[in-house]
Amino acid sequence: MQTTTMTDAMRPPVPAEPGAGVYSNKLGMWVFLASDVMFFTALIGSYIVLRFGMATSWARPGAVLNVPLTGLNTFLLICSSVSMVKAYAAIADGKKYFLRKVPGKTLQDGGLKFWMLITIICGAGFVGVQVFEYIKLVGHGFTPTGYREGSVLAEHALADPVKYGAGVAGMYGSTFFTMTGFHGFHVTCGVISMLYLYFTKVLPEKYSPQDYRGIEVIGLYWHFVDLVWIILFTIVYLI
Amino acid sequence: MTSVAHAKPAGGAHDAHHAPMSFWRKYIFSTDHKIIGIQFLFVSLFFLLVGGLLAMQIRWQLGFPGKPMPGGGILPESMVSGGVILPEYYIQLVTMHGTFMVFFAIMPLLVGVYANFLIPLKIGTHDMAFPRINMWSFWLALLAGLIMLAGFFVPDGAARCGWTMYAPCSARPDLSGATYSQQLWSISIVVLGLSSVMGSVNYITTIINHRAPGMTWFRMPLSVWALFITAILAVLALPVLQGAAIMLLFDQTIGTHFFDPGAGGQPLLWQHLFWFFGHPEVYILILPAMGMVSDIIANGSRKPIFGYHSMVFAIIGIAFLGWIVWGHHMFMSGMNPTLGSTFMVSTLLIAVPSAVKVFNWMGTMWRGNLRFHVPMLNAIGFVSMFTIGGLSGIFMAATPVDIPIHDTQFIVAHLHYVLFGGSLFALFAAIPYWYPKMFGRMMSERIGKLHFFLTFIFYNMTFFPMHIIGMGGQMRRIYDPTIYDFLKPQQPINEFISYSAFALFAVQILFAFNFLWSLKFGKKAPQNPWEDNGMEWSLPNPAPHGNWDKTPNVYRGPYEFSAPEAGDKDYLPQYVKLPTDRDPIPAPLSAGGH
Amino acid sequence: MRWWLPDAGSTFARPIDTLFLAILIITGIALVVVEVGLVTFVIKYRARPGRKAFYTHGSTRAEVIWTAIPAVTMVALGLISNHYWVIMKDKKSIPPNAYHLGVHAKQFEWQVTYPGADEKLGTSDDFTVRNQLHVIVDQPTAVELTAEDVIHSFFVPEWRVKQDAVPGMHITAWFQATKTGEYEIGCAELCGMGHYKMRARVFVHTPDEYKAWVAQQAAGGSE
Amino acid sequence: MTTPSTQPTHVRPNYMLIWLYLFVMTIAEVLLAFELPVSQNLKLILLLILAIWKAMLVAMFFMHLKFERWRLRLIFIVPLPLAIILVTTVIMEKVF
């Protein structure tokens, strides 16, 4: 799939870049991601510090949060990440189409349009499930301030304070909603950007094997968001 | 994604391809880095004025507590009563003075203005890597400033927990006495963080990827080096503050408990996060100043900078150490004393690269041929005042000595010696130095010299005595020192400081006049008024849109003053090709990798 | 007018003041070197027609020297400072015979709790006095600092004692007053509108005077 | 510029296989957290190892860090020690 010859005509028209050896959009995205690492460091680091500093322990995993549902959500995000990278591979190979029959086989081969769409659907699905989860949680009485007075959760917490981490409910709510909320915000931004690219660049077939910088750059962002979720899922839901 | 500027082949002049732009596109929603720099300049000078006016009111209250302030009558009753500043207004004054000066005056003046203006010009490129993001960075910074300013006009007055916003005071309206303005503070900081990150991503990418052929890393002027390292600091530090400000905002609005000790929150967490950002921020505020002063001192001395490489490594060293010293702001906070020891040692070590820089500046002047133009005078002022600021820092770095002077006027003196004596003197050097490049005219040398000498005198009269009253124990941010018996004997010094501060402020009118008057009536600038070596001086003044028609070549380092091969001139610009010079090989379009 | 640190009132004052003086001398020398150097260069090397600057890019030897000298000085200073820092702030350095007082800071007052006759905090004969700190001269005293609402800072200039009181934390600061007399506590951390007036009076008594005062408080029935 | 020819040195990894790894590890994590009778500390360590492993897979293969030059990897690596410094310092402070 790698061409071995390269003509000058194939060289994309960007200025000489003596520095990183990568084009500026990609370099800029990496620098931004480094910056985003520090943003999540502030949030996740505070969570770790606050949780360590607590006298009583956190609610047991699964007591308050719906882990199977979130597990599904994790699966969705992982799928979207792999479809993103498939989209990247597709356009690198010049497959701009949606689906095409593979010659000699019954299989269908997905192109950029197909894989991008899958990515967007999975990403939007993730956001949807998260919103659903939030609504459920708040309905049960789990809010950023702790367990709401008189709610189901508050009663459970009274009955079994250890399992539900009654002593630290306030901090549990604060950190949970802040971290997952800002992750969700990142996902939403990604979905919106991808939709924009889908309609302005992907569908009109503006990308080519010679220049698909937009796909690669948004892909980096998307994988990073996935990466953050992998960490968050473990430390927020499972530990 | 791909902006127009990118899709163009290297060396394409923008002017040639564009139809004349409308006024709005050219000067307001401009994507030209020079226009954005100038926009930043005007906006941050405005905020500098705001900060200065607040400082004058603080000085009135400290010098003459309980006396009606002249002109205080125009302020509403919630701030002053019968012309006398109220305690709740006083803490708004100190909070907003700090906030405006740090976030909206010094930081954008150094990073917003000069990173934008100088980086592409000095590395020989046409514009920033992402011109549109650059424009957004400016508008977001302005938005953040306006949100912050709006704090004065909401019902309960401006934010009032000090510019450091220590929780839990800042997190709870019933403790601080302000609701909306505290939230506005947090929102403004989040927006500002976004603006800074956008700007810094741009600076880093531009410097790494868009240097002209021949502009190798060690041919970059120290100003560009400093701005590069500053941008790295900003990109990694600002998000931490953003995260902290978001948590604070949630504490203030939706009732989370991050900093609420009642529910297991940790007030010290805010301090850790704030200063983890805050100490790199300190270097964001001084490194660009150091870089520009290096350029100007080499120019004024007509000599190559002394020890270019060690200057670069000193910048990197300061930036690196800057990440592991934040605890020295918290020596008295009840932090683990063992950590205090670690932080003390790392803090003291910062004296080393700082000393290297100071001695190298002196080494540059040694056996030079010194020209005392206004930028040079201010740069020398910078070196001498930064030295005092740096040395007074040692007192506070040594933890036992810090005990009596922590959070007193001594630290106020220290930080003003670094930020006013350091950053602001550097700006008084940089503004006239690159003024011709911005506006095509020179600022008046005569007024400039007068301004420098008067500022230098009154500045020292204002801030030096603060060391003394700080040693005497006067706490910072107190509304009325005279209620303490141990502070009463110092009140005459306080009065003296206030008179000096008013004079200092008045002298700045000279600068403002010089700046504004020269816009229209200044002497037309020759192409290279300072006989400097930088790439920017190969362009006409003011520099045209798109800078160079063709990407320039760079033939040597930035400080070849008085080089033997320069002939009878005492400077040899980076862009001049001598017969012995060969053209640099342009970097291959795809550099082998991907 | 005072031009120096406040009068010494505790055992911490001597090392701190000595160290302060030492740093003043070190930094003073550095300052004189730099400023005299600058002035000399400004005068000596001012531009004159027909002169050209000496073309040099630096001197490694000079740079090594002026890197090494500050580095050594700073490390030495750090080691000396750390010795006293541990004595003053480390929990383990609080003398076992220290007399414990509770100091509770709130907007905008200091509430000092005295152990009463049994010399133990947390017993029923404790009593609390607002904005008055009474201590015994030459007796190590430990104040257990707590805060009600926001961060305050317990600061007595004459004793060279400063320690933040943080809500949710229990911090002990110790000192040993060496002079009887009256002093003041100030709050050194911005704690709100009344930060400036968060002032308390400090009385350093002889042991007998202190006993008498405690007895008087007990008799007076003040809480 | 990501022309195909600018990345001649590496064979494209099998993305579906990585996806399978990630999927299996996620299931392993959930099982570990709820079903398996191991001690709390061991569980914590195993979960963290799995999470970091997954994150590394994403960074290395999906974000192509495995195939980038060191100077680009450095950009992403630089913030990590800072994050560790911040968190460990603040925790140490609490533990003393």
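Let me start with helix 2 of chain C, where the buried residues are Glu63(C), Trp66(C), Thr67(C), Pro70(C), Met74(C), Leu77(C), Gly78(C), Ser81(C), Asn82(C), Trp85(C), Met88(C) and Lys89(C). Please keep in mind, as you look at these positions, that this is a predicted model. As for the spacing in that list, an α-helix has 3.6 residues a turn, so residues three or four places apart point the same way. What covers the buried residues of helix 2 of chain C? The cover includes helix 1 of chain C, and from chain B it includes helix 11 (308-321), helix 12 (337-349), helix 13 (351-365) and helix 15 (399-405). Helix 2 of chain C itself has 30 residues, and from its first C-alpha to its last it reaches 42 Å, which is close to the 44 Å expected at 1.5 Å a residue.

That brings me to the contact between the two chains. Here 78 residues of chain C are in contact with 86 residues of chain B. On the chain C side, the elements that give two or more residues are helix 1 (13-44), helix 2 (60-89), strand 6 (152-156), strand 7 (161-165) and strand 9 (181-187), and the largest share, 16 residues, comes from helix 2 of chain C. If we sort that side of chain C by class, we find 45 nonpolar, 17 polar and 16 charged residues. Among the four pairs of chains in contact, it is chains B and C that share the most contacts. Chain A and chain C, by contrast, do not touch, with their nearest C-alpha atoms 11 Å apart, and chain C and chain D do not touch either, their nearest C-alpha atoms being 10 Å apart.

Now to chain C as a whole. Chain C has three helices and 10 strands, and from the N terminus on its elements run α-α-β-β-β-β-β-β-β-β-β-β-α. The radius of gyration of chain C is 25 Å, well over the 17 Å that the globule rule gives for 223 residues, so chain C is more spread out than a compact globule. Along its principal axes, the C-alpha trace of chain C spans about 90 × 40 × 35 Å. Chain C is divided into domain 1 (13-91) and domain 2 (97-220), and the C-alpha centres of these two domains lie 40 Å apart. Of the 223 residues of chain C, 37% count as buried, and among the contacts in chain C with a separation of 6 or more, 63% are between residues 24 or more positions apart.

Is Tyr559(B) buried or exposed? Tyr559(B) has 29 other C-beta atoms within 10 Å, and because the cut-off for a buried residue is 20 or more, Tyr559(B) counts as buried. Leaving aside residues up to four places away in sequence, Tyr559(B) touches Ala298(B), Pro304(B), Ile305(B), Tyr308(B) and Asn533(B). Asn336(B), which is 223 residues from Tyr559(B) along the chain, has its C-alpha atom 47 Å from that of Tyr559(B).

Technical notes: Residues are numbered from 1 along each chain as its sequence is written. Chains are lettered from A and ligands numbered from 1 in the order in which they are written. This is a predicted model: local features need pLDDT of at least 70, side-chain atom pairs count only at pLDDT 80 or more; totals for chains, interfaces and linings use all residues. Two residues are in contact if their C-beta atoms, placed from the backbone, lie within 7 Å. Helices (H or I, at least four residues) and strands (E, at least two) are DSSP runs, numbered from the N terminus. Ala, Val, Leu, Ile, Met, Phe, Trp, Tyr, Cys and Pro count as nonpolar, Asp, Glu, Lys and Arg as charged, and the others, Gly among them, as polar. The radius of gyration is taken over C-alpha atoms; the globule rule is 2.2 Å times the number of residues to the power 0.38. A residue is buried if 20 or more other C-beta atoms lie within 10 Å of its own, exposed if 12 or fewer, and partly exposed in between; C-beta atoms are placed from the backbone. The expected span of a helix is 1.5 Å times one less than its number of residues. Domain bounds come from an automatic or database domain assignment.
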